[in-house]
Amino acid sequence: MSAYENPNYVRVFDTTLRDGEQSPGASMNLDEKLRIAQILEEMGVDIIEAGFPIASEGDFRAVNEIAKLLTEPVVCGLARATRADIERAAEAIKPAKRGRIHTFISTSPLHMKHKLQMDAEQVHEAVVESVSFARRFTDDVEWSCEDGSRTDADFMCRCVESAIEAGATTINIPDTVGYAMPDEFAGMIAMLFNRVPNIDKAIVSVHCHNDLGMAVANSIAAVKAGARQVECTINGLGERAGNAALEEIVMGIRTRPDNLPFTTGVRTEAITKASRLVSTVTGFVVQPNKAIVGANAFAHEAGIHQDGMLKNAQTYEIMTPESVGLSASKIVLGKHSGRHAFREKLRELGYDLGDNAIQSAFKRFKDLADVKKEIFDDDLIALVDDEVVRTNDRLQIVSLEILCGTKHRPPEAELELEIDGEVKTCKATGDGPVDASFNCVKQLFPHRARLQLYQVHAVTQGTDAQAEVTVRLAEEGKTVNGQGADTDTMVASVKAYVNALNKLLVKREKTAPVALSI
Ligand code: KIV
Ligand code: ZN
């Protein structure tokens, strides 16, 4: 029996690359989206919403490239209820083995009046027209009633019935503003099953935002009421307070089969890797006490808990760290480890690098082993991520010297930067060492980008830990996140700054989807 024939199979629809990316500051470039899409595929996600093709060239390209690359999941593109949007989405998903068009329109009185300036009849007509039009391009059409949780019940039933009649195969009910409570949201889903005569012809889906912290609870309540698709994002990334967190829904289902007799196709062991990648790429740090993927989610500090854990892990642990792909951070390699062991360890961590990338990563590993006695899994992940983000950069750091401390006021930085093959040097001062080195970069490569975020995170414990730095820059409506890792925090900072500038240089023209009044 295929998974989809199982009436209790819940389809996982990941929208990290679309709704997640709409989160201010969380922009990702094509390479980063492809890496995330590959992990989602590896994880066994059923549907990947890869972007909003009409929003920008970059979004179109991301959906199109992901559609070419992936073979397992359905690749989906979002479209408003207009022919132009739907044609663009159809074009983007064309190469997909299985492609979906997801079209939506607001149905709540508030949105229809103020946002759309349409009456209910016009919206209903647009539902039928948009779904029928989308069906010309694919058999897999999802229809969403935006602001569903604040929509009049009779009107929702009428639109859902018409959307199915017009050919929608998935009906998605969004709690767009995160307003619903679990019992009433479940009631809304149950109502569709009771009142819409053709509801059995479609899969009912839910899409919950987290404004009141209810996104996961609402999604689970909806599944109990009959929904068989949940829309969610890694780390709960998304607009405002975010979307329902994929890892929480999936682990809830896996951990509580007694209460939730459902299954998903997600290989939960890939969760930690996906969470780290999304956090690194976006610069959105996961709070330490976040369920499933927070740094403390499996830490047991209290003496009484540790005592219980030693006697029987189940005393305080309802899931194993291994079930989400978290292995105890081990010392993995040392100064004397060879290239073969290094390559094997990277494979084990899920990185399959080409020969050139391995060569350069191995050299950096040796340099790291010279300054840091113990190299952990997390060190290698940071090192390889750092390697991957720097490929094809036009600006490269050659050297950095900094004078600072109580006797060196103001702090002074000297930087050698290679710009398109030409090495340039500069000295600058600043309010602190980071400011001084960033001033050097600005002198050597003048630009108008504004610094929106500077964030330092220690990869492992101890004073010899590598620093992982995120720098967010914004220029003319475009936002990029640069990353850098090094045992020297200043070097990591300049790497992150230069990486962000490199990304700005290649940044696609991206109109913020907000401008399209999603
Ligand atoms: O939150 C929302 O309503 C959406 C729709 C486009 C599904 O993201
Ligand atoms: Zn949404």
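**A walk through a four-domain model**

Start with a distance: the centres of domain 2 and domain 4, taken over C-alpha atoms, sit 40 Å apart. What you have on screen is a predicted model, and its protein chain is split into domain 1 (9-282), domain 2 (298-326), domain 3 (327-388) and domain 4 (395-508). How confident is the prediction along the protein chain, in pLDDT? The average is 91, and 95% of the residues score at least 70. One stretch to treat with care is residues 508-515, where pLDDT stays under 50. The model does give that stretch 21 contacts beyond four places in sequence, but where pLDDT is low, the predicted coordinates should not be read in detail.

Now for the inside. In soluble globular proteins, nonpolar side chains tend to be buried together. Here, the largest nonpolar core holds 94 residues, and the ones with the most contacts inside it are Met43, Trp143, Val160, Ile171, Ile173 and Leu192. Helix 7 (residues 153-166) supplies the largest share, 8 residues. Pick Val160 if you want a way in: setting aside residues up to four places away in sequence, Val160 touches Trp143, Ile171, Ile173, Leu192, Val196 and Ile199. There is also a second, separate core, this one of 30 residues, with Ala492, Ala496, Ala500 and Leu504 among them.

Next, have a look at a pair of helices. Two packed helices are described by the angle between their axes and the distance between the axes. For helix 8 (residues 182-195) and helix 9 (residues 215-224), the axes come within 8 Å and cross at roughly 35 degrees. The crossing of helix 8 past helix 9 is right-handed. Which residues meet where these helices touch? From helix 8 come Pro182, Phe185, Ala186 and Ile189, and from helix 9 come Ala217, Asn218, Ala221 and Ala222.

Helix 9 turns up again in the surroundings of helix 10 (residues 246-255). In helix 10, Leu246, Glu247, Ile249, Val250, Met251 and Ile253 are buried. Those buried residues pack against helix 9, and also against strand 1 (11-14), helix 2 (30-43), strand 8 (229-232) and helix 11 (271-282).

Strand 2 (residues 47-51) is where you will find Ala50. Is Ala50 buried or exposed? Its relative accessibility is 0%, so Ala50 counts as buried. Beyond its neighbours within four places in sequence, Ala50 is in contact with Leu17, Ala62, Val63, Ile66, Val75 and Cys76. Ala67, 17 residues away from Ala50 in sequence, is 8.5 Å away in space, C-alpha to C-alpha.

A few spots in the backbone deserve a click. Asp147 has a positive phi of about 60 degrees although it is not a glycine. You will find Asp147 in the loop between strand 5 (141-146) and helix 7, and with 0% relative accessibility, Asp147 counts as buried. Glu476 is another non-glycine with a positive phi, about 45 degrees. The setting for Glu476 is the loop between strand 15 (467-475) and strand 16 (478-486). Glu476 has a relative accessible area of 62%, and the cut-off for exposed is over 50%, so Glu476 is exposed. Then there is a cis peptide bond joining Arg409 and Pro410, with omega about -10 degrees. Pro410 lies in the loop between strand 11 (395-403) and strand 12 (412-419).

Glu322 is in the loop between helix 12 (303-311) and strand 9 (331-333), and its relative accessible area of 48% makes it partly exposed. Along the chain, Glu322 and Thr268 are 54 residues apart, yet their C-alpha atoms are separated by 9.1 Å. Arg343, in helix 13 (residues 339-348), is partly exposed too, at 24% relative accessibility. Which residues does Arg343 contact, leaving aside its neighbours within four places in sequence? They are Leu353, Asp355 and Ile358. The C-alpha atom of Arg343 is separated by 9.6 Å from that of Ala361, 18 residues apart along the chain.

Note on methods. Residues numbered from 1 in each chain as written. Chains lettered and ligands numbered in written order. Predicted model: local features only at pLDDT ≥ 70, side-chain atom pairs only at ≥ 80, totals over all residues. Heavy atoms only, no water. pLDDT = per-residue confidence, 0-100. Contact = heavy atoms within 4.5 Å. Core = buried A, V, L, I, M, F, W, Y, C linked by side-chain atoms within 4.5 Å. Buried < 20%, exposed > 50% of the residue type's maximum accessible area, 1.4 Å probe, protein only. Helix = DSSP H or I, 4+ residues; strand = E, 2+ residues; numbered from the N terminus. Axes fitted to C-alpha atoms, helices over the stretch in contact; angles between N-to-C directions. Left-handed = near helix turned anticlockwise from the far one by under 90°. Domains from an automatic or database assignment.
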